[in-house]
Amino acid sequence: MSATTTNVKEAIINRRSIRKVKKNDNISKERINELLKIALHAPTSFNMQSGRVVVVMDDQHERFWDIVKETLRSRVPEESFVATLERLQGFRDGVGTILFFENQETIEQMQEEAPSYKEQFPYWSHQGSAMLQYAIWMTLTAEGIGASLQHYNPIIDEEVMKTWDLPGKWSLIAQMPFGEPNEQPGEKTFLPFEDIVNFY
């Protein structure tokens, strides 16, 4: 682990949306690979492990953000597009992007095996994805790597599936660009603790 590794408590508190990231040669494929192995300990209902992860780095990472940019070009009003481009550039300047998918084939299989829970499996699938996203975000944060969670699906889905020749049953859930932090996150605000947590 690197010198920036923090403990779980610090990672939870320090995890923030870093929307401007930049290149750093120390954030290598090997390092991300090791972090993902840790994060895959995130739980799933019935241990169904329906999550799938695609990591695009270097030119493939830039290619991904070019797809997002071109997809948005025809949808965002011209007067707003400059601000959109600036936002996207903050992601594109990073090292890579983690694409989160859910394998619908796995969900269908679980529905067949446990029909009494059929209606629940799609919800549990999304909960499992959320925990995986958080686990990965936490491991990145603990290593001093900046990240944020983006949702340009479903408008980019078709192009992404075609570009990387991904299985048709995979459903894109979220995108996490990462790199060396290139901004200070804003102040985080919280609802009163008592409004959220009740003890009886």
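Helices (H or I, at least four residues) and strands (E, at least two) are taken here as DSSP runs, numbered from the N terminus. I worked from a predicted model, in which local features need pLDDT of at least 70, side-chain atom pairs count only at pLDDT 80 or more, and totals for chains, interfaces and linings use all residues. Residues are numbered from 1 along each chain as its sequence is written, and side-chain values use heavy atoms, with hydrogens and water left out.

**Entry 1: overall fold**

I counted eight helices and five strands in the chain. Along the sequence I read the pattern α-β-α-β-α-α-β-α-α-β-α-β-α. Along the principal axes, I found that the C-alpha atoms fill a box of roughly 50 × 45 × 40 Å.

**Entry 2: burial and contacts**

Of the 200 residues in the chain, 42% are buried. For contacts (heavy atoms within 4.5 Å), I considered pairs at least 6 apart in sequence, and 86% of these join residues at least 24 apart.

**Entry 3: helix 4**

I examined helix 4, residues 78–92, which has 15 residues. From first C-alpha to last it reaches 20 Å, close to the 21 Å expected at 1.5 Å a residue; the expected span is 1.5 Å times one less than the number of residues. I listed its buried residues as Phe81, Thr84, Leu88, Gly90 and Phe91. These buried residues of helix 4 pack against strand 1 (21–22), helix 3 (58–73) and strand 5 (170–181). An α-helix has 3.6 residues a turn, so residues three or four places apart point the same way.

**Entry 4: backbone exceptions**

Most residues other than glycine have a negative phi, and most peptide bonds are trans. I noted that the peptide bond from Asn153 to Pro154 is cis, with omega near 5 degrees. Pro154 lies in the loop between strand 4 (146–147) and helix 7 (157–163).

I also noted a positive phi, near 60 degrees, at Phe46, in the loop between helix 2 (29–39) and strand 2 (51–57). Phe46 counts as partly exposed because its relative accessibility is 44%.

Asp165, not a glycine, has a positive phi of about 50 degrees. I located Asp165 in the loop between helix 7 and strand 5. Its relative accessibility is 68%, so Asp165 counts as exposed.

Notes. Buried < 20%, exposed > 50% of the residue type's maximum accessible area, 1.4 Å probe, protein only.
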